[in-house]
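Please consult the sequence and the structure shown here while reading.

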Amino acid sequence: MDIARMMLKRASYQMTAEAQDALASYIELRMKRPRFSNARSIRNALERARLRQAKRIFDEGGAPTREDLMTIEADDILASRVFGDDGEGEAQSMTESELDAAVAAEKATAAQQRVGIVIAAGTPR
C-alpha cells in the first residue's frame, strides 16, 4: 500500500477509504496470480484505475470538481479482472469506443489538473 500511496501522491491523486480497502484486496488477490511484480503490478493497477475513473467521470457528465478529478473510488479498483468471476477477463470490460472515451477523458483530466496546479501555485500561465 505504501507504494500505491507514493505513486498516487506523485500524480496528485487520492483514494477514498473504500478504494484503499479495495486496493488492499486487489493486492492480496493479485499476489497469488502469476507474474506479480510488486511496484510494476501496482503501477499498472493504478493506471487502469485512473482510466476507469476518467471513464466514470466522463459518463457522469457535467462539470467535475477538482476533487472528483483527483479521487479514485472503490468501483475504479473493483472493476479489475482480478475480481472477475473467471479471473481472466475484465469484470466489467470496456468496448473499444469506451476505452477511447476513457483515454480522452484521462487526457482532459490531466490537462485540467495541470491548469488547477498552475492556478493553485499562482504561477502565470
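The points below proceed from the overall fold to the core and then to a helix contact.

The model is predicted. The protein chain contains 6 helices and 2 strands, and from the N terminus on its elements follow the order α-β-α-α-α-β-α-α.

**Overall fold**
- Of the 125 residues in the protein chain, 31% are buried.
- Among contacts between residues at least 6 apart in sequence, 65% join residues at least 24 apart.

**Nonpolar core**
- The largest nonpolar core comprises 17 residues.
- The residues with the most contacts inside this core are Leu8, Met15, Leu23, Tyr26, Leu46, Ile72 and Ile77.
- At least two residues of the core are supplied by each of α1 (2–10), α2 (17–30), α3 (39–60) and α5 (74–78).
- α2 provides the largest share of the core, with 5 residues.
- Beyond its neighbours within four places in sequence, Tyr26 is in contact with Ser41, Ala45, Ile77, Ser80, Val82 and Phe83.

**Packing of α1 against α3**
- The axes of α1 and α3 lie 10 Å apart, and the two helices pack at an angle of about 50°.
- Because of this angle, α1 is oblique to α3.
- The crossing of α1 past α3 is right-handed.
- On the α1 side, the contact is made by Ile3, Ala4, Met7 and Leu8; on the α3 side, it is made by Ala39, Ile42, Arg43 and Leu46.
- By class, the contact of α1 with α3 has 7 nonpolar residues, 1 charged residue and no polar residues.

Conventions:
Residues are numbered from 1 along each chain as its sequence is written. This is a predicted model: local features need pLDDT of at least 70, side-chain atom pairs count only at pLDDT 80 or more; totals for chains, interfaces and linings use all residues. Side-chain values use heavy atoms; hydrogens and water are left out. A nonpolar core is a set of buried Ala, Val, Leu, Ile, Met, Phe, Trp, Tyr and Cys residues joined through side-chain atoms within 4.5 Å. Buried means under 20% relative accessible area, exposed over 50%, partly exposed in between (1.4 Å probe, protein chains only). Helices (H or I, at least four residues) and strands (E, at least two) are DSSP runs, numbered from the N terminus. Contact means heavy atoms within 4.5 Å. Axes are lines fitted to C-alpha atoms, for helices over the stretch in contact, and angles run from 0 to 180 degrees between N-to-C directions. Angles under 35 degrees count as roughly parallel, over 145 as roughly antiparallel, 65 to 115 as roughly perpendicular and the rest as oblique. A crossing is left-handed if the near helix is turned anticlockwise from the far one by less than a right angle, and right-handed if clockwise. Ala, Val, Leu, Ile, Met, Phe, Trp, Tyr, Cys and Pro count as nonpolar, Asp, Glu, Lys and Arg as charged, and the others, Gly among them, as polar.
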